[in-house]
Amino acid sequence: MTSKSTTLSLINQREPRHGLSRELYLSSTVYQDDLEQIWHQEWIFAGHTFEIEKPGEYITLQVGNYPIVVVRDSSGDIHAFHNACRHRGSRVCSKTKGKVAKLVCPYHSWTFDLDGKLLFAGNMGEQFNKNNYGLLPAHCEIINTYIYVCVAEHAPDFSQFREAVSSFLSPHQLDNCKIAYESNLVEKGNWKLVFENNRECYHCDANHPELLNSFVENLSVAGVGGEEDPELKAHWERCEAAGFPSHMVMDQQGQYRITRIPLFNNATSYTMNGKAAVNKRLDNSTEPNIGALLYFNYPSTWNHVLGDHALSFRVLPLSPGETLVTTKWLVHKDAQEGIDYDLDNLTKVWLATNDQDRQLVEETYRGVNSPAYIPGPFSDIAENGVCQFVDWYCDTMKNKLTNYKVKPSSDEFQ
């Protein structure tokens, strides 16, 4: 039985509304199948356009087996390239972010323009044609400052997602933002456990005292629906009257979802007292309380956008048992630390929440390592969100593995 057949068999053994078996979290072959069928095929959130505002500014990320660099060129356009020199494969950019005049490989100084063209390659002889050795491009799309990349040969259609999400994000004017703070947390657990933990607040009462000063999970939107909840419906109508799309939108496969929810006890921001953390609003609205705009897009991101600031979260798998979670706090570009916001007040809630979630994921990963672990049932009340994620994962992998066709390998002996 091939590894893909094994993975498919494990997924088919899952009981409805139950968690995944231990092998689907621990197995290195399942992990590689996850990379090949999901991470190497889907659109992955990379970062924000305002992180690379000037020509030569770049960010890097690791998408499964693929190192990627995203850079702004001298014309102002943003490109994504495979971050591997066309000479002998060294990463061209080794830092997580930076600014350069040209992209210069540190190994043998092959030099690439910001649009990927090879400009210089020493000692290669007269027959060498530089035009054949530019950096290999990756697919790149931008939506309201969110940069997405895809390393597949043929990327999935992006237009439906763009249309759905853009109308929600546009009123928040994220183009006028900057990063006030960034955290990078390596969680010692499988990437699926990280997203499962995010998709429910069943655990919040016992683990997130700081977050619960302002956030309250609305179970009407944790799974699907919401129209039947009078409080949520009233919140949607009030926000939409102020120019903020709010009614939930999701795709048929459940890969992305976006909606707006009220916060706890009329809180307006994720702070210890529920009051705004930043004096300068992101939007031009006079509506004092728009709650929180929530959107996720599997497998790589979830996001919260409020009146005074926004948070973007990026998930990247590092190994079967390690996941990098990057959180960025976005504020108005003119907001000044110490005058318009206090950094500790801005970041305290989610720094605490992220670390608490890290501990939960790591303890779960330790637990599912046990040969005695048997997946239990999801709560019909409090875990519809996590069930929806697991359903999406299983359905996606079933579809892709069932239709998988072996491609000729370039490294096979001839």
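**Close-up 1. Contact of helix 5 with helix 10.** Trp191, Lys192, Phe195 and Glu196 of helix 5 are in contact (heavy atoms within 4.5 Å) with Val386, Phe389, Val390, Trp392 and Tyr393 of helix 10. By class, this contact has 7 nonpolar, no polar and 2 charged residues; Val, Phe, Trp and Tyr are among those counted as nonpolar, and Glu and Lys among the charged. The model is predicted, with local features needing pLDDT of at least 70 and side-chain atom pairs pLDDT 80 or more, while totals for chains, interfaces and linings use all residues. Residues are numbered from 1 along each chain as its sequence is written, and side-chain values use heavy atoms, leaving out hydrogens and water.

**Close-up 2. Axes of helix 5 (residues 191-198) and helix 10 (residues 384-402)**. The two axes, lines fitted to C-alpha atoms over the stretch in contact, come within 8 Å and cross at roughly 145 degrees, on a scale from 0 to 180 degrees between N-to-C directions. Helices here are DSSP runs of H or I with at least four residues, and strands are E runs of at least two, numbered from the N terminus.

Close-up 3. Strand 7 (residues 111-112) is joined to strand 8 by 2 bridges, and Thr111 stands opposite Phe120.

Close-up 4. Asp334 lies in the loop between strand 17 (322-332) and helix 9 (343-368). Asp334 is partly exposed, with a relative accessible area of 45% (between the limits of under 20% for buried and over 50% for exposed; 1.4 Å probe, protein chains only). Leaving aside residues up to four places away in sequence, Asp334 touches Lys280 and Asp340. Cys177 is 157 residues from Asp334 in sequence, and their C-alpha atoms are 8.1 Å apart.

Notes
Pairing = 2+ DSSP bridges.
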